[in-house]
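Here are my notes on the model you sent, as numbered points. Please read them with the structure open.

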Amino acid sequence: QVQLVESGGGLVQPGGSLRLSCAASASFLSISRMGWHRQAPGTQRELVATISNGGSTNYADSVKGRFTISRDNAKNTVYLQMNNLKPEDTAVYYCRAVGRLVGKILPLEYWGQGTQVTVFS
């Protein structure tokens, strides 16, 4: 059972751009918030950006002005436009969603399996 599927990662030179996508499966009845986290080897997972169902966003200070999060509620998909990438952006990027699955009452947290972003240093 796959609830969240990320795509769009890859290899890029410093200053380049990538666009990540995360699609939630049809098993979700509703999703209140979606976002992106990242984790580099030997580090703790950190929040990158989140967006509510109503479009309210927040960003980590390290990516403000460079990354933009957006979502398509009809498709249950969240995007992360990453511009002016830096070597320190290298990490596995994970999609996160808080929502209800069909047949369930309580909203829960779900994670994708991650997509690798590598920026040459």
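1. Strand 9 and strand 10 form a hairpin, with six residues between the two strands. In the turn, G103 has a positive phi of about 85°. Strand 9 covers residues 91–101 and strand 10 covers residues 108–111. The two strands pair in the antiparallel sense over four bridges, and G99 stands opposite L108 in strand 10. Strands here are DSSP runs of E with at least two residues, numbered from the N terminus; two strands count as paired if DSSP finds at least two bridges between them.

2. This is a predicted model, in which local features need pLDDT of at least 70 and side-chain atom pairs count only at pLDDT 80 or more, while totals for chains, interfaces and linings use all residues. Residues are numbered from 1 along each chain as its sequence is written, and side-chain values use heavy atoms, with hydrogens and water left out. The pLDDT is the predictor's confidence in each residue, from 0 to 100. The chain averages 95, and 100% of the residues score at least 70. Confidence is lowest in strand 4, at a mean of 94, and highest in strand 11, at 98.

3. Y110 is found in strand 10. Its relative accessible area is 13%, so Y110 is buried (buried means under 20% relative accessible area, exposed over 50%, partly exposed in between, with a 1.4 Å probe and protein chains only). Leaving aside neighbours within four places in sequence, Y110 is in contact with Q3, L4, F28, C95, R96, A97, G99 and L101; contact means heavy atoms within 4.5 Å. Y110 and C95 are 15 residues apart along the chain, and their C-alpha atoms are separated by 8.3 Å.

4. An open sheet of four strands has the order 1-3-8-7, with antiparallel pairing. Its edge strands are strand 1 (4–7) and strand 7 (67–72), each of which pairs on one side only. From one strand to the next the twist averages 15° (axes are lines fitted to C-alpha atoms, for helices over the stretch in contact, and angles run from 0 to 180 degrees between N-to-C directions). Strand 3 (residues 18–24) and strand 8 (residues 77–82) run antiparallel and are joined by six bridges. C22 has V78 in strand 8 as its bridge partner.

5. S21 also lies in strand 3. At 18% relative accessibility, S21 counts as buried. Not counting residues up to four places away in sequence, S21 touches V5, E6, S7, W36, V78 and Y79.

6. Which residues have the most contacts inside the largest nonpolar core? They are L4, W36, L80 and Y93, in a core of 30 residues. Two or more residues come from each of strand 3, strand 4 (28–39), strand 5 (46–52), strand 7, strand 8, strand 9 and strand 11 (115–119). Strand 9 gives the most, with five residues. A nonpolar core is a set of buried Ala, Val, Leu, Ile, Met, Phe, Trp, Tyr and Cys residues joined through side-chain atoms within 4.5 Å.

7. The structure holds five salt bridges, a salt bridge being a side-chain nitrogen of Lys or Arg within 4 Å of a carboxyl oxygen of Asp or Glu. One of them joins D89 to R66, with the closest N and O atoms 2.8 Å apart. This pair links distant parts of the chain, 23 residues apart: D89 is in the loop between strand 8 and strand 9, and R66 is in the loop between strand 6 (57–59) and strand 7. D89 is buried at 0% relative accessibility, and R66 is buried at 9%. Salt bridges that share partners join R38, E46, R66 and D89 into one network.

8. E46 forms a salt bridge with R38, the closest N and O atoms being 2.8 Å apart. R38 counts as buried at 5% relative accessibility, whereas E46 is partly exposed at 36%. Another salt bridge joins the side chains of D61 and K64 (3.1 Å, N to O), and both of these residues are exposed.

9. N76, in the loop between strand 7 and strand 8, has a positive phi near 50° and is buried at 19% relative accessible area. N84, in the loop between strand 8 and strand 9, has a positive phi of about 50° although it is not a glycine. N84 is partly exposed, at 42%.
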